[in-house]
Amino acid sequence: MSQPLADRPTLAEAVVEAMRDGIRHRTFVPEQTYSVQQVADLLGVSRSPVREGLLKLEEAGLVQFSRNRGFHVVLPRSRDIAEIFGVRLALEPAAAARVARRADAELLGSIRAAMEALRAAAATGDEATFWRHDRELHRLLLVGGGNPRAASIVAALRSTTALLGPPTSAGPRDLRQIGEEHAPIVAAVLAGDGDGAEAAMAAHLTSTGLLLVAQAEGTAVDHPDVQRIWDDVAG
């Protein structure tokens with residue numbers, strides 16, 4: 001962790017972030033039951049903020065308590081992933097369209113710069129930097145579309161899908177291909193083409209969502225079960 005837990009905004013929030021990191025890096029795994037005391041000892045804090053943080057994670061569906069037995073981690077299932085992308089599809093394509101129709105020169109410059117940074121990180125294979133610029137590009141489009149609350153919602157949803165481990169770049173797409181999925185979105189936004197930006201964002205989210213659903217199902221993206229789950233929840 002980059003700073004001591006005691007220096008974070010609240011200990012409960014710090015516990016939530018530390019648990020998310022632990023789940024992402026498989027320090028905490030679904031197959032094992034943990035106690036509040038174990039987490040408190042690991043993080044060097046008292047049990048009270050750990051309980052508070054775990055309750056927040058329970059509300060998000062990421063941990064489940066067992067009576068007198070502690071808790072275990074619950075990773076997002078395929079239907080959870082499809083639901084997350086259904087929410088993103090309801091928010092992000094419309095935001096991209098609004099940005100295309102009304103963005104000022106400063107915002108357009110920021111969007112262009114984020115795309116250039118995304119490409120540069122893909123070219124060097126710098127995954128951490130790539131995903132940071134990916135998140136920033138999506139954030140700019142949501143905030144620029146006039147809905148900062150939607151940006152917060154999407155950030156939280158992305159934190160959940162990130163718990164699945166390696167991103168979709170570990171599968172059939174490399175960083176360059178993922179980066180270039182953003183190119184039609186940005187090109188349409190810069191051209192003031194609202195319909196094009198909306199369609200390109202929807203295509204990008206659908207591609208990513210289907211790949212993650214397939215990963216969770218342990219099958220190919222063209223498997224009928226993947227499309228069925230997608231159509232039931234996000235289609």
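Modeller: Helix H4 supplies four residues to the lining of the second largest pocket, the largest share. This is a predicted model, where local features need pLDDT of at least 70, side-chain atom pairs count only at pLDDT 80 or more, and totals for chains, interfaces and linings use all residues. Residues are numbered from 1 along each chain as its sequence is written, and side-chain values use heavy atoms, leaving out hydrogens and water.

Colleague: What makes something a pocket, and which residues lie nearest the centre of this one?

Modeller: On a 1 Å grid over the protein atoms alone, a pocket is an open set of points where a 1.4 Å probe fits, with protein on both sides within 12 Å along at least five of seven lines. The second largest pocket has 15 lining residues (those with an atom within 4 Å of a point). Nearest its centre are Ala60, Asp80, Ile84, Leu157 and Thr160. Two or more lining residues come from each of H4 (78–102) and H7 (148–161), where a helix is a DSSP run of H or I with at least four residues, numbered from the N terminus.

Colleague: Why are H2 and H3 called roughly perpendicular?

Modeller: Their axes, lines fitted to C-alpha atoms over the stretch in contact, cross at roughly 115 degrees and come within 9 Å. Angles run from 0 to 180 degrees between N-to-C directions, and 65 to 115 counts as roughly perpendicular, so H2 and H3 qualify. Contact means heavy atoms within 4.5 Å; Val36, Gln37, Val39 and Ala40 of H2 meet Arg47, Val50, Arg51 and Leu54 of H3.

Colleague: How do you know that H4 is roughly perpendicular to H6?

Modeller: Try the rule again! H4 and H6 (127–144) pack at about 70 degrees, with axes 7 Å apart, and that angle makes them roughly perpendicular. Among the residues in this contact are Leu91 and Ala95 of H4 and His138 and Gly144 of H6.

Notes: Angles under 35 degrees count as roughly parallel, over 145 as roughly antiparallel, 65 to 115 as roughly perpendicular and the rest as oblique.
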